[in-house]
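Hi,

Here is the model I said I'd pass on. Have a look first, and my notes on the core, the cavity and the confidence follow below.

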Amino acid sequence: MPESHTDATVTAADERTSASIDGPALARAFAAAAAALLQQSDALNAINVFPVPDGDTGTNMAATMRAASDEVVRGDAVAHGDASTATTVASVAAAARQGSLMGARGNSGVILSQIIGGFVAAATSDAALDGVGLAAALERGRASAYRVVSNPKEGTILTAISAAATAAASSAATNANVADVLAAAAAATHDAVARTPELMPMLKEAGVVDAGAQGLAIVLDAMLRSVRGDDNAVAETGDFGHIDASWLAATQRVHVGEQSGFCTEFVVKGEALDAETMRARLREMGDSLLVVGGGDLVRVHVHTHTP
């Protein structure tokens, strides 16, 4: 029947589209992730425990992802929802990395910027991004995220990106469909989120999962919906629970008031900047240190009593 033939044609077209994504599709996926994080920011803030229970992980991740997406727009990757045919995966990835690096906020935001930056290394040509390329992007993002954290902790967004990268690589080994690989990465991330309280005792004591890890799950879910062409790229606002009130009160008095100091962030611009040298010097000045970038731009995040 004609109607059945039409439906089958549309389905086949959708499957071909999701086999790989071009620059405009990647831009839309990043925009969907930014919108999802913004919608879920309060729910993420409500479970923010690590590294400091200061209730801003959702806000910081949303601001970082929005900065990435906005930079893509400024680079003419997307204009009023119309994709530019001149936009490549490489140009979108480069713009997103630049935007996220400049706009990164907080510990979770800086780590997210490194995950976004993984797409640059994977997008080495004008070709569309398939499942193998996506797996490479997530692996690059994982390696970069672990590299910039001065004292990596499991049970965090690092655990989540590691699970995502591993699952993506396994899926891509037998199936290069980008939507399928992304679905495998998202599912593994959710599993990792559920395990975070077992890996970090303070999460278990507070009665929540890690906010940064949950934020990454939101990012990958939104990107998957976008790649699949779902009408509703942003899911309904979730409820990830709330921190145990007595635990929070005791922790804020001791940890936040006496140990953490001020969350201090800044950008250094110059020539031949050496992030490793800067990291060694700044490590003496505080904790939760992240130093990312190099060359002409370095982003610093550190908790210190002497900002």
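Start with Met223: setting aside neighbours within four places in sequence, Met223 is in contact (heavy atoms within 4.5 Å) with Leu26, Ala29, Phe30, Ala33, Phe119 and Leu182. This is a predicted model, where local features need pLDDT of at least 70 and side-chain atom pairs count only at pLDDT 80 or more, while totals for chains, interfaces and linings use all residues. Residues are numbered from 1 along each chain as its sequence is written, and side-chain values use heavy atoms, with hydrogens and water left out.

Met223 also turns up in the largest nonpolar core, which has 79 residues; Met223, Leu26, Phe30, Leu37, Met65, Ile111 and Phe119 touch the most other members. (A core here is a set of buried Ala, Val, Leu, Ile, Met, Phe, Trp, Tyr and Cys residues joined through side-chain atoms within 4.5 Å; buried is under 20% relative accessible area with a 1.4 Å probe, protein chains only.)

What lines the largest cavity, by class? The lining has 11 nonpolar residues, no polar and no charged ones, and Phe30, Met65, Phe119 and Met223 are among them.

On confidence (pLDDT, the predictor's score for each residue, from 0 to 100), the chain averages 84, and 85% of the residues score at least 70. Residues 1–17 stay under 50, and the model has 1 contact beyond four places in sequence for them. Residues 77–81 also stay under 50, with 9 such contacts.

Cheers

Methods. Buried < 20%, exposed > 50% of the residue type's maximum accessible area, 1.4 Å probe, protein only. 1 Å grid on protein atoms, 1.4 Å probe; cavity = no way out; pocket = protein on both sides within 12 Å on 5 of 7 lines; lining within 4 Å. Nonpolar A, V, L, I, M, F, W, Y, C, P; charged D, E, K, R; others polar.
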